[in-house]
Amino acid sequence: MFIVPPEPSTALAPEPSGPPDDENSGGSTEVFDVRKFGAIGDGVTDDTNAFKMAWDTACQVNSSSTIYVPNGFSFMIQSTIFTGPCQGGLVFQIDGTLMPPDGPEEWPKNNSKRQWLVFYRVNQMSLQGGGAIDGRGQKWWDLPCKPHKGINATTLPGPCDSPVAISFFMSSNLTVQGLKVKDSPQFHFRFDGCQNVHVESLHITAPALSPNTDGIHIANTNGVQIYNSVISNGDDCVSIGSGCYDVDIRNLTCGPGHGISIGSLGNHNSKACVHNVTVRDSVIKVSDNGVRIKTWQGGSGAVSGIMFGNIHMISVRNPIIIDQFYCLTKDCLNQTSAVYVSDILYEGIKGTYDTRSPPMHFGCSDSVPCTNITLSDIELLPAQGDIVLDPFCWNAYGELETLAIPPVYCLREGVPRSILDNKDMDHC
């Protein structure tokens with residue numbers, strides 16, 4: 001659970017310093033070098049207080065300000081909350097390397113193990129630079145409670161909280177740009193309760209078997225642009241949770257991983273709403289899924305106005321999938337309510353699929369069918385061999401605007417009576 005932090009400190013701090021002249025912005029921005037606040041940058045010394053002082057000082061400047069993390073240094077920082085709102089726009093310029101303590105044993109017992117660096121209630125901030133954020137996740141992934149996928153796969157009871165690397169809560173007008181981020185213990189980035197988020201030219205990496213290492217997770221967030229980035233990890237490249245709308249994802253290279261997902265939605269019989277999401281001009285490779293919508297039985301709400309366009313698949317299992325029977329165990333009960341999935345367009349989805357699964361899977365709720373699924377210019381061929389698998393449909397309604405490869409005969413036409421008679425179906 002996220003804990004609301006106290007207001008920023010007003011303690012006296014050093015005068016602003018700055019990076020070399022060629023990195024300054026013409027003198028109109030005050031620059032605060034974290035070394036001037038006592039940061040050492042040897043990768044061992046705890047530099048948390050220096051970063052907090054630099055933040056509090058920059059945050060109180062009425063005009064634009066920059067916190068500068070210089071190249072050639074590695075700064076170890078404990079779990080920290082950077083609190084706004086600030087007086088003016090703020091740039092967090094990372095040209096060096098940031099890292100947390102190395103694993104759960106080194107994590108202070110009084111610090112939250114669910115989050116590392118948190119930005120709370122900030123407005124007009126840019127987190128940017130040519131530097132790196134190293135989440136040092138290996139020791140967290142090796143906890144006995146984590147899903148191990150080796151020969152003797154085991155999952156054992158025990159403490160399992162693992163920190164999200166970078167979190168933004170209740171913040172607006174954000175830019176995250178240019179950084180290399182790797183090996184987060186859990187999600188690499190999380191945006192929750194945010195507005196107007198622009199992500200550009202990120203490079204996010206983690207091993208293919210690292211658990212729950214989503215590249216970018218958004219929830220209750222709108223006005224999102226994720227452009228020109230590369231993500232490979234052990235989970236979804238991008239996961240879109242409930243409460244998200246007006247999301248545009250472009251020119252993303254995704255994989256290995258679990259693809260790009262809307263959901264999971266409707267867990268614990270919750271209401272979930274997602275609409276107006278576009279994913280286009282992207283590549284998904286060697287992934288467990290391509291573009292996926294996943295919901296739990298028993299939920300409510302709606303997913304609508306979704307467009308997946310011009311996406312190239314390379315040896316992807318489940319390139320196109322709607323799964324309304326999502327379940328992490330084998331004992332989920334059948335339930336009659338479900339998140340309503342409608343108005344989904346797949347256009348220009350081409351490439352190859354892993355033949356362990358069909359190239360298209362539309363598994364819709366028994367009681368709440370998927371409607372208005374549109375397929376146009378679909379061409380998916382087996383990555384190996386020449387056996388073409390048939391698409392799978394269950395209670396899915398829609399149409400083909402063009403012939404598809406492989407042919408799709410299983411979509412039902414029209415709109416089912418159960419949807420026409422239920423006036424409250426789409427109540428988001």
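Let's start at Pro 85. Pro 85 sits in the loop between strand S5 (80-83) and strand S6 (90-94). A word on those labels: helices (H or I, at least four residues) and strands (E, at least two) are DSSP runs, numbered from the N terminus.

Now the ground rules. This is a predicted model, where local features need pLDDT of at least 70 and side-chain atom pairs count only at pLDDT 80 or more, while totals for chains, interfaces and linings use all residues. Residues are numbered from 1 along each chain as its sequence is written, and side-chain values use heavy atoms, with hydrogens and water left out.

Back to Pro 85. What kind of peptide bond joins Gly 84 and Pro 85? A cis one, with omega about 0°. Pro 406 lies in the loop between strand S31 (396-400) and helix H3 (417-421).

Why point these out? Most peptide bonds are trans, and most residues other than glycine have a negative phi. That brings up the backbone angle phi.

Asp 183 has a positive phi, near 60°. You will find Asp 183 in the loop between strand S13 (180-182) and strand S14 (189-192). Asp 281 also has a positive phi, near 55°. Asp 281 lies within strand S22 (residues 271-285). Asp 281 counts as partly exposed, because its relative accessibility is 36%. The cut-offs: buried means under 20% relative accessible area, exposed means over 50%, and partly exposed is in between (1.4 Å probe, protein chains only).

Next, His 258. An unreviewed UniProt entry places the feature "active site" here. Be careful with that: UniProt positions are given in the numbering used here, feature names are shortened, and annotations may be inferred rather than shown by experiment. Where is His 258? In the loop between strand S20 (244-254) and strand S21 (260-265). His 258 counts as buried, because its relative accessibility is 16%. Its side chain reaches the backbone oxygen of Gly 234 at 3.3 Å.

On to charges. Side chains of opposite charge can pair when their charged atoms come close. A salt bridge here is a side-chain nitrogen of Lys or Arg within 4 Å of a carboxyl oxygen of Asp or Glu. How many salt bridges does the structure hold? It holds 11.

Take Arg 136 and Asp 102. Their side chains meet in a salt bridge at 3.9 Å, N to O. The pair links distant parts of the chain, 34 residues apart: Arg 136 is in the loop between strand S10 (132-134) and helix H2 (138-141), and Asp 102 is in the loop between strand S7 (97-99) and strand S8 (115-120). Arg 136 is partly exposed at 23%. Asp 102 is partly exposed at 27%.

Last stop, Asp 236. Its side chain meets that of Arg 292 in a salt bridge at 3.1 Å, N to O. Asp 236 is in the loop between strand S18 (222-232) and strand S19 (238-240), while Arg 292 is in strand S23 (residues 291-295), 56 residues apart. Arg 292 is buried, at 9%. Asp 236 is buried too, at 2%. Asp 236 also forms a salt bridge with Lys 294, at 3.4 Å, N to O. Lys 294 is in strand S23 and Asp 236 is in the loop between S18 and S19, so this pair ties together parts 58 residues apart in sequence. Lys 294 is buried, like Asp 236.

Definitions and conventions:
A polar contact is a pair of N or O atoms within 3.5 Å; within protein, one must be able to donate a hydrogen and the other to accept it, and residues adjacent in sequence count only if both atoms are side-chain atoms.
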